[in-house]
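Open the model in your viewer and keep the selection tool ready. The tour has two stops.

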Amino acid sequence: MAIDRNDSPLLAYTISNLQKNRKEHMHSIGSRIDPQDTFVLFVDLQTGIVELSKTISVDRLKRGVLGLSTLAKIFGMPTIVSGVAGQDGSAPNMIPQLASGIGEFTVHQRTTADCFRNEAILAAAKATGRQTLLISGVSSEVAVQLPGLTAPDMGYRVFVVVDAC
């Protein structure tokens with residue numbers, strides 16, 4: 001799915017202009033989010049779950065995920081992708097917008113409702129060395145909300161990206 005500049009003029013502006021000098025621009029607009037201290041957590045953005053979203057249309061969710069994952073790559077923000085295994089134990093099949101935005105990635109299988117209670121995911125978060133967390137995902141009442149509540153107790157600043165949830 002390509003980013004349509006008509007769908008998101010702000011995203012188009014961001015991509016075309018911030019690549020030039022992202023650090024100076026971020027400071028000039030007074031952003032509360034420093035990309036050099038930020039990582040992104042994508043939760044449960046997999047086929048079979050995404051289609052159940054009731055908070056946002058599936059097409060809009062996919063465009064938001066593509067936009068956020070693209071910005072993560074442009075700004076060099078580490079990403080963590082988590083999902084749940086299928087009922088048959090198969091690996092999660094993540095939506096293609098993630099790969100389109102960030103390229104290759106590893107899926108950390110979530111084994112707890114709160115992925116920040118999962119040792120492998122928490123270790124990946126700590127390994128980034130960053131303190132600001134952006135969360136995108138589905139099942140926002142559980143899969144997004146729980147790490148959003150747990151991470152601040154662990155010292156992280158948390159922002160939920162509502163256009164990608």
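Start by selecting Phe39, Phe116 and Tyr156: they form one aromatic cluster. This is a predicted model, where local features need pLDDT of at least 70, side-chain atom pairs count only at pLDDT 80 or more, and totals for chains, interfaces and linings use all residues. Residues are numbered from 1 along each chain as its sequence is written, and side-chain values use heavy atoms, with hydrogens and water left out.

The structure holds two aromatic pairs (rings of Phe, Tyr and Trp, the last by its six-membered ring, with centres within 6.5 Å; planes under 30 degrees apart are stacked, over 60 edge-to-face, the rest tilted). Show Phe39 with Tyr156: this pair is edge-to-face, 5.7 Å centre to centre, with 75° between the planes. Phe39 sits in strand 1 (residues 38–43) and Tyr156 in the loop between helix 6 (140–153) and strand 5 (157–160), so the pair ties together parts 117 residues apart in sequence. Helices (H or I, at least four residues) and strands (E, at least two) are DSSP runs, numbered from the N terminus.

Phe116 lies in the loop between strand 3 (107–109) and helix 5 (119–128).

Colour by accessibility. Buried means under 20% relative accessible area, exposed over 50%, partly exposed in between (1.4 Å probe, protein chains only). Phe39 is buried; Phe116 is buried at 1%, and Tyr156 at 7%.

Next, select helix 3, residues 58–75. Of its 18 residues, 13 are buried. Just after helix 3, click Gly76: its phi is positive, about 70°.

Note on methods
Expected span 1.5 Å × (residues − 1).
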